[in-house]
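Subject: A structure for you to look at

Hi,

As promised, here is the structure for you to open up and explore. My notes on what turned up are just below.

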Amino acid sequence: MSTLTPVSGHQPASEVVEQIRRSATSDRPFKFLLRAVAAFFGAVVVLFVWSIVKTAWPAITSQGIHLITGKSWIAGTGPYGGLPLIVDTLSTTAIALAFAIPIGLASALGLQFQVTPRLRQPLASLIELLAAVPSVVYGLWGIAVMVPFFINTLEPFLSHLTGGAWPFNGPQNGFGILLAGMVLAIMILPTMVAVSRDVLATVPQDLIEGALSLGATRSQVFFRVVLPTARTGLLGAIVLATGRALGETIAVAMVIGSNAQLPHSLFSSGATLASIIAVEFGNAVGTEGSALAAMALILMIITGLVNAGARALTRRAVSR
Amino acid sequence: MSSIITGLPPDPILERRQLIQLKASQSLARRTLVSRIVTGLMWVALGIALVPLGSVVFALVDKGVRFLSWHFFTSLPQLPSLLSLNTIGGIGNAVAATLVIDALAALVAVPIGVILGLYLAEWRSAPANFLRAIVEIMTGMPSILLGVFAYEYFVVAMKSYSGIAAVIALGILMVPVIAKASELAFLSVPRSLREAALALGARESRVARQIVLPTAIPGVLTGVLLALARAVGETAPVLLVAGPTISNLWNWNPFHPMTPMPMLIFGYANSEYPSQRAAAWGVALTLVALVVILTTSSRLISTRMRRERRS
């Protein structure tokens with residue numbers, strides 16, 4: 001360690017501080033290491049984005065806008081139109097959110113404010129544990145448990161309900177967009193509940209007790225105090241769940257039926273941006289590999305925007 | 001009303017008070033009813049949420065538990081034949097592949113993630129803020145995209161599927177999770193501790209090594225275990241790069257194709273043999289048990305940490 005040089009009384013204070021800093025604590029190699037590792041990670045991310053853009057480039061130049069607007073994707077020979085994939089990605093995510101948002105929010109509220117404390121911790125632990133279960137297990141469960149339930153019960157019932165009209169028409173073989181949406185809903189539900197509960201736990205107890213002491217009922221406390229206070233954080237939880245649903249690959253690939261044509265109904269088999277990469281990329285030749293990389297690029301842009309939105313929301317919540 | 005009984009002239013103040021009381025009790029009745037309905041719906045929602053989730057747990061235990069044995073974990077798979085349709089053998093090679101791939105991925109990701117976390121905790125400059133945003137966006141990046149990346153740079157370049165390509169994809173997925181957790185752990189180290197060490201003349205590298213890292217180690221460990229739990233169950237990138245098909249042979253060399261457990265579950269779930277479709281549940285239960293051990297130990301560390309900080 002370097003020794004301090006004697007400090008004369010005439011030096012300005014700032015210079016003295018600077019001198020001490022430089023001689024005693026400044027640590028160039030250490031700072032260099034930190035910067036180098038940070039730069040390395042940044043470079044890997046750039047390389048990652050670049051590799052996908054580079055692979056997608058031949059398809060972008062040869063297929064152009066058809067990659068987004070084309071209505072049909074035929075493996076091996078082309079054409080490679082991404083519209084069915086985009087439609088299926090958005091519709092499965094919409095189905096998942098339509099179930100997971102209301103049920104997830106209500107469950108989180110119930111878990112945090114209704115359930116007795118003795119029951120709360122085991123239930124919360126179970127839900128957090130389910131958030132960590134790998135998606136391939138949800139896919140397996142979808143095939144083994146949900147497909148028979150869909151074929152025997154749910155699909156005939158829904159079809160009967162509308163008299164076989166849209167959106168419940170078509171073949172009833174279990175696999176399809178509706179099943180993929182439901183499996184996604186069940187997969188993102190634990191995340192939704194766990195994150196929302198963390199957010200709800202930050203609502204100040206004073207506010208809740210104040211409202212109760214003024215004679216508000218429980219539902220009034222929920223709607224007028226808890227939800228408005230936790231609004232931003234809950235929105236962050238929803239966006240987080242959306243990002244997960246958009247990018248989920250394996251569970252969807254296992255239950256959607258892998259068919260990249262525009263769907264006719266909710267029972268139609270389909271393919272999402274992520275699932276078609278998992279199914280086709282390994283045996284794609286020529287332009288198809290490149291077209292799949294273009295789908296990866298679209299997925300990257302969509303999820304990147306969603307995650308950046310979530311980040312902006314949570315930052316605003318923190319700064320407030 | 002009072003005027004008829006008592007014969008006194010009507011009292012406007014009393015009448016007004018009675019009217020208010022009547023309205024208040026009506027309002028209370030209405031609000032209580034609404035509240036009852038809303039809380040009732042909450043219980044219904046909780047029930048709806050728990051039924052499918054409970055079904056997942058039940059199916060795992062119900063269909064998976066009969067496979068669990070030492071033989072299952074340590075021996076090679078056997079293809080079903082006409083003579084013995086129900087033979088399944090074990091999943092020893094998949095367990096080995098999971099251990100090798102995830103240990104190597106942790107070896108790559110832990111140093112990078114922890115040092116990156118230290119960098120993020122140390123700097124508030126524009127590049128650091130930008131990198132912080134990148135780290136957060138990468139945390140939510142669909143894992144299949146890392147599979148495409150590893151395929152382009154490793155499978156194509158090495159002209160072979162390999163465990164090492166999966167290591168790279170999983171390593172890149174783990175880094176942001178570890179970095180974020182480490183950053184938070186480093187930021188929670190009391191300023192006074194660091195300043196005391198600096199005032200005693202310690203270099204920053206020494207402060208980082210001997211003060212900040214030891215104090216923050218439980219938080220860092222929590223992040224590492226969570227990242228590992230995520231990596232162990234990750235299927236999509238592994239499916240693209242680890243091997244062309246599921247393998248039935250021992251292989252400890254990560255430069256050759258491997259079949260880790262998630263990939264085996266995917267392969268077995270879509271298998272033509274009923275015995276393999278059944279065995280997928282045995283693999284799934286093994287994998288979930290591994291993930292549960294990792295997440296539970298991570299949680300134990302973080303609750304103990306919180307308790308220590310409070311005392």
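In this predicted model, the centres of domain 1 and domain 2 of chain B, taken over C-alpha atoms, lie 45 Å from each other. Domain 1 of chain B covers 11–61, and domain 2 covers 92–310.

Along the principal axes, the C-alpha atoms of chain B fill a box of roughly 105 × 75 × 35 Å. As for secondary structure, chain B has 12 helices and 0 strands. Of its 311 residues, 45% are buried. If you take the contacts in chain B between residues at least 6 apart in sequence, 72% of them join residues at least 24 apart.

Now for chain A. Here, too, you will find 12 helices, with 0 strands. Chain A has a radius of gyration of 27 Å, well over the 20 Å that the globule rule gives for 320 residues, so chain A is more spread out than a compact globule. The box filled by its C-alpha atoms is roughly 95 × 65 × 30 Å along the principal axes. Buried residues account for 46% of the 320 residues in chain A. Among contacts in chain A with a separation of 6 or more, 73% are between residues 24 or more positions apart.

Next, the interface. How many residues of chain A are in contact with chain B? There are 67 residues on the chain A side, and they meet 67 residues of chain B. The element of chain A that gives the most to this side is helix 2 (residues 28–63), with 13 residues.

Helix 5 of chain B runs over residues 126–139, and at 1.5 Å a residue its 14 residues should span 20 Å; the end C-alpha atoms are 20 Å apart, which agrees. Its buried residues are B:L131, B:V135, B:I137 and B:M138. Looking down the axis of helix 5 of chain B, these buried residues fall within an arc of 165°, so they line one face of the helix. On the other side of helix 5 of chain B sit the exposed residues B:A126 and B:N129.

Helix 11 of chain B is another case: 8 of its 9 residues are buried, so this helix is largely enclosed by the rest of the structure. The buried residues in helix 11 of chain B include B:M261, B:P262, B:F266 and B:Y268.

You will find it in the loop between helix 10 (236–241) and helix 11 (261–269) of chain B. Is B:W250 buried or exposed? B:W250 has 11 other C-beta atoms within 10 Å, and a residue counts as exposed at 12 or fewer, so B:W250 is exposed. Leaving aside residues up to four places away in sequence, B:W250 touches B:L76, B:N93 and B:A96. B:V167 is 83 residues from B:W250 along the chain, and their C-alpha atoms are separated by 18 Å.

Enjoy the browsing!

Best wishes

Terms used: Residues numbered from 1 in each chain as written. Chains lettered and ligands numbered in written order. Predicted model: local features only at pLDDT ≥ 70, side-chain atom pairs only at ≥ 80, totals over all residues. Contact = placed C-beta atoms within 7 Å. Helix = DSSP H or I, 4+ residues; strand = E, 2+ residues; numbered from the N terminus. Buried ≥ 20, exposed ≤ 12 C-beta atoms within 10 Å, placed from the backbone. Domains from an automatic or database assignment. Expected span 1.5 Å × (residues − 1). Arc of directions from axis to C-beta. Rg over C-alpha atoms; globule rule 2.2 N^0.38 Å.
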